[in-house]
Amino acid sequence: MAFSPFDWLLGRFSLDIGIDLGTANTLINVRGKGIVINEPSWVAVNKRTNEPIAIGAAAKEMVGRTPTNVVTLRPLRDGVISEFEITEAMLEYYIAKAHQQSIVPVPRPRVVIGIPAGVTAVEKRAVFDASMAAGARQTFLIEEPVAAALGAGLPIDEVRGSMVVDIGGGTSEVAIMSMGGVVNSRSLRVAGDELDEDIIQYIRNKYNILIGQGMAEEAKIAVGSAYPLKEERTTSVRGRNLITGLPDSVEISSIELREGIADSVQTIIDVIKDSLDETPPEIMADLMDTGICLAGGGSQLLGLDQRLTDELSFRAWLAEDPISCVARGAGIALEDFAKWSGLFVGLERQPGQ
Ligand code: ADP
Ligand code: MG
C-alpha cells in the first residue's frame, strides 16, 4: 500500500485507534496509550425518542430492570451488527471519548477494527460504514482471529503455522495462519452467550427456576467448566420459581453446570477438529510445537485448555489477558502499519457504488 507524504504527516499527528467491536465487549486501543476503554457492548435506548440514554457498563447495569419506556440492547448479534444506528451511536461515543483524551486538537482518527472471520460483504460493509459514520477518517478491517493472534504475540509473519481460537460472546473463531496470511479460518455462532442459554435451560428443566441471563453468566464464570475440577465447587443462583411464581434460589455444582453446557462445548471442540482436518501436514507439525492459543473471554472457561489438550493432542494454552487480544492486535497493526497492511481485509464493491 503506498502512502503520500500528506498521509504520512497526518499519520504522525492523528489519533490512531484499534477497536474490538465485540458482541459482548467493546475495547478501544489508542496508539501510544494502550487500552483506554473496555466496556460491555450494551446500550439503553429511550423508546420514544430512540436516543441512547446509557452506553456500556451503565447500560448493562439496567438490563432486566428497565421501565416501559426504556429498552436495553446489544447492537451486535453473533458478532455482526444487527442494529446499525445503535452501533454507530456506541462507536461515536467511544471514539469521541478516546479523542477527548488528547490534549492538542488532532484530526479525526484512523481506525483499525475487527470483524469476525467469514462474514458476508454486507456485514463487513456495515462495520466499515458504522466506523466512518462514527467519525473515523479512514477505516481498515481486520479479521478478529488474525488480530487476536497478533495480540497474543503469535509469530504469524513467520514461515511457520500458528493457530488461534477466539471464543467470544456470540462467535467462536478459529484461524490457522502462516507467513502473515490466513491458511484457513472458521467461525461458529456458538460461544459464551450460548453457554449462558444452556445454563438457563438446565436450571429451568431441573429445578423449575427461571434465572436471568446475567445470573447464568455469573454462575458460568464462577463454576462453569469443561473438564473435571480438582475440587468441584458450588454456587447459588436466584430466579423465579415457575411453579409457585415466587423468588427462589438453588445451590448448583460445577458438575451439574458442566453437564448443562456439555453439548455446546463439544460443538466448539468439533469445529476446531474440523479446521485441523483441513490443515496441511507441515503446518500440523508446526502446531505440535507451538500448540493452540486460546483468546477471547469465553476461552477462560475453567479447564477448557486442559480439555482441548486432551481431545486434540496438541497443547492448548491461554493467551495473556485473553479478553484484550483483538484490541491489542489491532493496536500492533497500527504501530507498524506498513508491515501489517497485508492483513487488512478489502471491501467488495456492491452494485450501485
Ligand atoms: P466478544 O468478543 O463477543 O465481545 P469477549 O471476548 O469479550 O466477547 O468474551 C465475552 C464472553 O466471555 C462472555 O460470554 C462472557 O460470559 C465470557 N467470559 C468472560 N469471562 C469468563 C470466564 N472467566 N469463564 C467463562 N466465560 C467467561
Ligand atoms: Mg471478540
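R160 is partly exposed, at 31% relative accessibility. This comes from a predicted model. R160 forms a salt bridge with E158, and the closest N and O atoms lie 2.9 Å apart. E158 is partly exposed as well, with a relative accessible area of 35%.

That pair is part of a wider set. A search of the whole structure finds 15 salt bridges. One of them joins the side chains of D193 and R74, at 2.4 Å from N to O. D193 sits in helix α6 (residues 192–207), while R74 sits in the loop between β6 (70–73) and β7, so this bridge ties together parts that are 119 residues apart in sequence. R74 is buried: its relative accessible area is 18%, and the cut-off for buried is under 20%.

Another bridge stays within a helix. R307 pairs with E311, with 2.9 Å between the closest N and O atoms. Both residues belong to helix α10, and they are separated by about one helical turn because they are 4 residues apart. Their surroundings can be read from the accessible areas. R307 is buried, at 16%. E311 is partly exposed, at 29%.

Salt bridges can also link up. D16, R31 and R110 are connected in a network of them.

The largest nonpolar core has 41 residues, and M163 and I211 touch the most other members. Helix α8 (residues 254–277) supplies the largest share of this core, with 8 residues. What does M163 contact, leaving aside its neighbours within four places in sequence? The list includes L154, V174, A175 and I176. It also includes I272, S275 and L276. L287, G291, I292 and C293 complete the set.

Which phi values are positive in a residue other than glycine? D78 is one case, with phi near 50°. D78 lies in the loop between β7 (76–77) and β8 (80–81). At 28% relative accessibility, D78 is partly exposed. S313 is another case, also with phi near 50°. S313 is found in the loop between α10 (304–312) and β18 (316–318). S313 is exposed, with a relative accessible area of 63%; the cut-off for exposed is over 50%.

Conventions: Residues are numbered from 1 along each chain as its sequence is written. Chains are lettered from A and ligands numbered from 1 in the order in which they are written. This is a predicted model: local features need pLDDT of at least 70, side-chain atom pairs count only at pLDDT 80 or more; totals for chains, interfaces and linings use all residues. Side-chain values use heavy atoms; hydrogens and water are left out. Helices (H or I, at least four residues) and strands (E, at least two) are DSSP runs, numbered from the N terminus. Buried means under 20% relative accessible area, exposed over 50%, partly exposed in between (1.4 Å probe, protein chains only). A nonpolar core is a set of buried Ala, Val, Leu, Ile, Met, Phe, Trp, Tyr and Cys residues joined through side-chain atoms within 4.5 Å. Contact means heavy atoms within 4.5 Å. A salt bridge is a side-chain nitrogen of Lys or Arg within 4 Å of a carboxyl oxygen of Asp or Glu.
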